[in-house]
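This report walks through the sheets, cores and ring pairs of one protein model. Keep the structure open while reading.

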Amino acid sequence: MDVFQLPGILRKRWIYVLAPTILFVAFALAYVVVVKPTIPVTTDILIDPQGLIAEKSDLVPAASSAGNQDSAVLESQIYVMQSSEILDVVVDKLDLTKDGFLFRGNLANKDFARTATVTALQKHLSIERAGQSFVLTLTVKHSDPAKGAEIANAIASVYLKKDHEARNDASSRASGAFELQAETLAARVRKAETELEAFKAAHDLVSTGQQGLVIDQQLEGVNKQLIAARTDLGVKRSSYEQARSLTAGSVQDGAIPEALASTALGSMRARYADMVANMNELASSLGASHPRMIAARSQVAGMRQSIEQELARIRQSLQSGMERAEGNVRALEARLSELTRSSLDTSEAGIKARQLQSEVDTLRALYKAFLARSEELGQGDAVNVNNSRVISKAVGVGGSGMLAKLMVLVAATLFGIAAGCGLAVARELLGRMLTRPGTDMPVADSEPVGVASKPIANEGDPGPLSMRSLPIAVDLLLHLHQPDQTSTIVLLSLDNDKPSPSILPRLADALYRHSKDVLYSSGEGADLSDRRHAVDAPLGDVLKFRRLSPIPEHPADSSAPTFRNSTSRRKTADYVLIDASGGEASRHLDELLAEASGILILADQHDGQKKIDAFIKSLAPFEDRMLGTLIVDKTT
């Protein structure tokens, strides 16, 4: 049939076009009358994952570390909004169990009515994230737009309230935990301090605040005094040595060390110098026996004696000071030795005391930290740091219900016309095929893939073989099949022993009799010619396939493309059946199971149930594709 024959076929089979169109339009009219259209209303909510940071502390995660979790937090909030915890409150608040759109059952059982209403509300509720932002768009579909807007706003309000309560509850729990920990640490601090004081008392370890043990302070003080005393002794010994070598002539010459200089000695030196000068002056004009000369010499000698006496007094004073300094040094050295011996005796106890003191300081620091955190969280309960809010409320406006109904009617009309045209063309093709003479087709048993075949009556050893539940398996495969999709069925036996080679062709024959295009392979490897004509099936270039097709695979002639030619060139089969119990297929079992739509297990009637269960358990990863077990009876 040529494409240009379609107008004539449609005019000839006009009843096939009109009947589906009327039927589709009738169904559409019934639909628009019975079914009320749902109108979506939306509200936008800004989600703040962390909340406003009212006070910076290590309890609040840093922005850099929390940024990677924002997406997960937002996805979690979507599920929270759709949870029963939120929707239960909304249902009770708005009394939605009386809403006929969401629930039409009996209100006697309130719990059942609430659960059913929540389930219906979840079906009509959708929440999406607006791009990469922190905004969630909440959409509620309802026949009444005003009621839908009320529900959407209520969900947003209840969610924000629950979120605030959850944050406060988390803060309260954390504060309580910190407070409990602080109490425990306070008891430990008291116990550690008691042990420290008891240890100090037992070992005579007296300390004064932050300065440490008293004996250590005394040792340090005596050491400093000894250093100062030794320095003073050195100064006094040096002064005494200088004073011992000092004479009246040295004083007359002015060679007086600074350490020995005194007012009296300086006055005597000045007077002595004046007397010597007066004596020398008189000696130039008077004789040696002159009374004035005698008096002058007597004064000079007296002054010299006074200087000698003053020097002797100074030497005695310096010697006494030096002796006192030596005694002080000896006393301090003895005291230092005594304190050193005492310090060595208490060194081990001091080490233990310092360890106990370190433990006390550590526990006290932890106690202060936990107490401060508890106070922070306790004060934070009174401050709402949640920045989440509704940025646009839902508004109930009338929807375009009439336009939607009109679109449904137009679509039904178009679908009816298309279905009618297809039905008319199919009727025409079927009539021509039934009336065409000499259309006998060869048997599929000896034909390669791609050759049209007639149904198979017998193949292999069907005589002594009977199978239970084969019709049920065929019905199951027919029910499993989805239109315009290929169903791949893998057959497996318990011991790879192929309990009956005729099962696969019989199963293919049964499907063929239901006008299904079937590709089947017994698991044999494909030869070179088969690989050049690989089929569209799992391992199509590895396994040898046969085909049962209601429509010839190749047209009778190679004329220009026509409707018949384009139909007959269909390559995708409805079913692909593969026996993976042995041969080449068993070596690719994992690949076949991964692509299988269903799995049929072939078992002998003598195989025990435990053996079958164990084999099924070995296929646990593919349990969702398991169709059942086909029992083969080999008895004659």
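The model is predicted.

**Ring pairs**

By that cut-off, phenylalanine 178 is buried, because its relative accessible area is 15%. Phenylalanine 370 reaches 21%, so it is partly exposed. The structure holds 2 aromatic pairs. The table lists them.

| Pair | Centre to centre | Angle between planes | Class |
|---|---|---|---|
| Phenylalanine 103 and phenylalanine 112 | 6.4 Å | 70 degrees | edge-to-face |
| Phenylalanine 178 and phenylalanine 370 | 5.6 Å | 55 degrees | tilted |

Phenylalanine 178 sits in helix α7, and phenylalanine 370 in helix α12 (residues 347–380), so their pair ties together parts 192 residues apart in sequence. In the other pair, phenylalanine 103 is buried at 9% relative accessibility.

**The four-stranded sheet**

An open sheet has 4 strands in the order β2-β3-β1-β4, paired antiparallel. Which strands stand at the edges? They are β2 (125–129) and β4 (389–392); each has a single partner strand, so one side of each lacks a neighbour in the sheet. On average, neighbouring strands of this sheet are turned by 30 degrees against each other, direction ignored.

Strand β1 (residues 39–46) pairs with β4 over 3 bridges, in the antiparallel sense. Aspartate 44 stands opposite serine 392 in β4. Helix α7 (residues 145–202) lies across β1, β2, β3 (135–142) and β4. This helix runs at about 140 degrees to β3.

**Around the helix α7**

Glutamine 77 belongs to helix α4 (residues 70–81). Its relative accessibility is 15%, so glutamine 77 counts as buried. A polar contact of 2.6 Å links the side chains of glutamine 77 and tyrosine 159. Beyond its neighbours within four places in sequence, glutamine 77 is in contact with Ile47, Leu136, Tyr159 and Asp163.

The largest nonpolar core has 31 residues. Met81, Val90, Leu96, Leu138, Val140, Ile151 and Ile155 touch the most other members. Two or more residues each come from β1, α4, α5 (84–94), α6 (110–123), β2, β3 and α7. The largest share, 9 residues, is from α7. In soluble globular proteins, nonpolar side chains tend to be buried together.

Isoleucine 155 shows the packing. Neighbours within four places aside, isoleucine 155 is in contact with Met81, Ile86, Leu87, Val90, Leu125, Leu138 and Val140. Another core lies apart, with 24 residues, among them Val490, Ala537, Ala580 and Leu619.

**Strands β6 and β10**

Strands β6 and β10 run parallel and are joined by 5 bridges. Leucine 602 in β10 is the bridge partner of serine 493.

Why is strand β10 (residues 598–604) largely enclosed by the rest of the structure? Because 7 of its 7 residues are buried. In a regular strand, side chains alternate between the two faces of the sheet. Both faces of β10 are covered. Gly598, Leu600, Leu602 and Asp604 are buried on one side, and Ile599, Ile601 and Ala603 on the other.

Leucine 492 is found in β6 (residues 487–493). With a relative accessible area of 3%, leucine 492 is buried. The C-alpha atoms of leucine 492 and phenylalanine 615 are separated by 9.9 Å, though the two residues are 123 residues apart along the chain.

Definitions and conventions: Residues numbered from 1 in each chain as written. Predicted model: local features only at pLDDT ≥ 70, side-chain atom pairs only at ≥ 80, totals over all residues. Heavy atoms only, no water. Pairing = 2+ DSSP bridges. Axes fitted to C-alpha atoms, helices over the stretch in contact; angles between N-to-C directions. Contact = heavy atoms within 4.5 Å. Buried < 20%, exposed > 50% of the residue type's maximum accessible area, 1.4 Å probe, protein only. Polar contact = N/O pair within 3.5 Å; in protein donor to acceptor, adjacent residues only side chain to side chain. Core = buried A, V, L, I, M, F, W, Y, C linked by side-chain atoms within 4.5 Å. Phe/Tyr/Trp six-rings, centres within 6.5 Å; stacked < 30°, edge-to-face > 60°.
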